[in-house]
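Hello,

I am handing over the structure that we talked about, and below it you will find my notes on what turned up. Please have it open while you read, so that you can look up each place as it is mentioned.

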Amino acid sequence: MLAAVIFDLDGTLVDSEQQGHRVAFNDAFEALGLRDHWSQERYRGLLATTGGERRLYRWLSSPESSFRNHSEEERRAMAVSLHRWKTDRVEAMAASGAIPARDGVTGWLDELAGRGVRLAVATTGSRQWALPLLEKVFGLARFEVVVTGDEVAHRKPDPEAYLVALSRLAVPATDAVAVEDSGPGWEAARGAGLACVVVANAETDLGSVDGATVLLDGFGPSPYEILSGALARF
Ligand code: XBP
Ligand code: MG
């Protein structure tokens, strides 16, 4: 019995990474006087590291960063400062409506709710922008539970965010499904014992989601293609 569907946020519910987070990260570099800049292609590769502050710290420590020769302590402090600035920027983007829902996903939310299926969110993103974004794009009240990266000790691909969501829903993993867009997300869902529908986007590394219960190329409403797996079980 499908009691609940737990949606990932970035790249799944919303098209937020390239024109949202990436722009905010680049604005933060400029605001804090760094010459660093992430192209779309570079950012796609950096998404393998979940959590913006961790992504920044790994970047600042890499040979490509202008900040690479600073001490470990200075790189950690800079990652915190950049991420704080960037998070404020994304919160403002969210409130202004600059970050859109993915095509077709609202129809899924409407149909699931219409069938009495409970809705939840499990993201590695920060609560400061995630809640205003969900409110602006969908209405926060749609989601019974929202778990963000700030609330867990371990971000995806660790399953903790999904396990916390299942616990707050008081639903066993066998009665719920995860909807994701990325390899770390699919691994987190699998680790929580959840069946997982991956709805691929331009950033999805298809090799990293091999084995997802179902792999789709979109939410519709134009017919989407089932790239692998079978929807029959839902
Ligand atoms: C995507 C992430 C987040 C965002 C940036 O989360 O990994 O880190 O890229 O947001 P999900 P923060 O796909 O699980 O929603 O800077 O707030 O981490
Ligand atoms: Mg995602």
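How far does a polar side-chain atom of Lys86 lie from an oxygen atom of ligand 1? The distance is 2.7 Å, and please keep in mind, here and below, that this is a predicted model. Two further residues make contacts of this kind with the ligand: a polar side-chain atom of Trp129 lies 2.7 Å from an oxygen atom of ligand 1, and for Glu17 the corresponding distance to an oxygen atom of the ligand is 2.8 Å. Taken alone, ligand 1 exposes 440 Å², of which the protein buries 97%.

As for where the ligand is found, ligand 1 sits in the largest pocket. The elements that contribute two or more residues to the shell around it are α1 (17-31), α3 (52-60) and α4 (72-96), and of these α1 gives the most, with three residues. There are 19 residues around ligand 1, and those that come nearest are Gly52, Lys86, Thr123, Thr124 and Ser126. Sorted by class, the shell is made up of four nonpolar, nine polar and six charged residues.

In one of them the side chains of Arg118 and Glu144 meet, with 2.5 Å from N to O. Arg118 belongs to strand β2 (residues 118-122), while Glu144 is in the loop between α6 (127-137) and β3 (145-147), so this pair ties together parts that are 26 residues apart in sequence.

Finally, two places in the backbone deserve a careful look. Most peptide bonds are trans, and most residues other than glycine have a negative phi. Lys156 and Pro157, however, are joined by a cis peptide bond, with omega at about 15 degrees, and Pro157 lies in the loop between β3 and α7 (160-169). The other place is Ala170, a residue other than glycine whose phi is positive, near 55 degrees, and which is found in the loop between α7 and β4 (176-180).

With best wishes

Definitions and conventions: Residues numbered from 1 in each chain as written. Chains lettered and ligands numbered in written order. Predicted model: local features only at pLDDT ≥ 70, side-chain atom pairs only at ≥ 80, totals over all residues. Heavy atoms only, no water. Near = heavy atom within 4 Å. Polar contact = N/O pair within 3.5 Å; in protein donor to acceptor, adjacent residues only side chain to side chain. Areas by Shrake-Rupley, 256 points an atom, 1.4 Å probe, with all protein chains shown as cover. 1 Å grid on protein atoms, 1.4 Å probe; cavity = no way out; pocket = protein on both sides within 12 Å on 5 of 7 lines; lining within 4 Å. Sits in = over half its atoms within 2 Å of the grid points. Helix = DSSP H or I, 4+ residues; strand = E, 2+ residues; numbered from the N terminus. Nonpolar A, V, L, I, M, F, W, Y, C, P; charged D, E, K, R; others polar. Salt bridge = Lys/Arg side-chain N within 4 Å of Asp/Glu carboxyl O.
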